[in-house]
Amino acid sequence: MAFLDGDLTTIALCWRLERRDGVAIGLTTHDRDLLIDGLVHRAAPGMTPSAIERSDGLDPDTMDVAGALTSGAIGENDLIAGRWDGARVALFAVDWTDPRAAVALGEGTIGVVETSDGGFTAELRGATAVLDRPVVEVTSPECRAELGDRRCRVAMAARRRMARIVSADDTAITVDTTEPVTNAYGNGVLRWLGGANCGAESAIAISAGKTLMLTAPPPFVAEAGTRVELIEGCDKSFATCRHRFDNLLNFRGEPFLPGIDLLTRYPGG
């Protein structure tokens, strides 16, 4: 790029962030907004990336992005609610006199997010970070698939239901819809569609009738009348897969595989 070799520096760093719910924003270190690929990148002088290290090896590329909570697009409440967790981020440099000229510097997803003293720090995980994952699966008596994914293949359309909050007390939530079967929403998900928690998700530990017990309190106080989506869960056991879902053909576990206690057995034991 010619602007990188010029006598006069006209380089501006830019970020494009896309949340999992479809919200996209653009930020730049330039002192005025830049229009790039149809998205206005707002001037955010508080945003500072850490030293960028790129390598041709297989070590995971990570980078920290720090900034002040001065942008209305990235608020402390959104960070606490986890709305930016897993968001896709693209970092690039442009010529602010001609934003069409750009050089990619990094791309990945947001990992750990920390807030303190009116600012935040977000870890950006590069594409090679997936190499940290296990290469093969470990055998287990429980199913390793997620309910409704391409390996499980259970149809989820009829297992998602809309409801409204009747009352909430910490992790105990009462809704206006009775579960179809016992503990239908245990190990499932409650997706907030309104109120202060809108866009966030809460894991459900167990359910009974119209009562749900969350694994952790929601980020913000849940108000009566708030709309939510309830998604059924699965305890990943062989019995549940067989009797409730009739899906043994796709069970991804080894319930009858001898355990490590086999090594301690002896003749006559």
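The model on screen is a predicted one, and the values below are computed from it.

How many aromatic pairs does the structure hold? There are two. One of them joins Phe238 and Phe251 in an edge-to-face arrangement, with 5.5 Å centre to centre and 90° between the planes. Phe238 sits in helix 2, which covers residues 238-243, while Phe251 belongs to the segment after that helix, so this pair ties together parts that are 13 residues apart in sequence.

Now centre the view on Phe238.

Phe256 lies in the segment after helix 2 and Phe238 in helix 2, so the pair ties together parts that are 18 residues apart in sequence. Phe256 is exposed, at a relative accessible area of 69%. With Phe238, Phe251 and Phe256 shown together, you have one aromatic cluster on screen.

Where is His30 placed? Look in the loop between strand 2 (24-28) and strand 3 (34-36). His30 has a relative accessible area of 11%, so this residue counts as buried. To see what surrounds the side chain, select its contacts, leaving out residues up to four places away in sequence: His30 touches Ala12, Ala43, Ala44 and Trp96.

The last stop is Leu91. Find this residue in strand 7, which runs over residues 88-95. Is Leu91 buried or exposed? Its relative accessibility is 1%, so Leu91 counts as buried. Then select Arg16 as well and draw a distance between the two C-alpha atoms. Leu91 and Arg16 are 75 residues apart along the chain, and their C-alpha atoms are separated by 6.7 Å.

To go over the tour again, return to Phe238 in helix 2, then His30 in the loop between strands 2 and 3, then Leu91 in strand 7.

Terms used: Residues numbered from 1 in each chain as written. Predicted model: local features only at pLDDT ≥ 70, side-chain atom pairs only at ≥ 80, totals over all residues. Heavy atoms only, no water. Phe/Tyr/Trp six-rings, centres within 6.5 Å; stacked < 30°, edge-to-face > 60°. Helix = DSSP H or I, 4+ residues; strand = E, 2+ residues; numbered from the N terminus. Buried < 20%, exposed > 50% of the residue type's maximum accessible area, 1.4 Å probe, protein only. Contact = heavy atoms within 4.5 Å.
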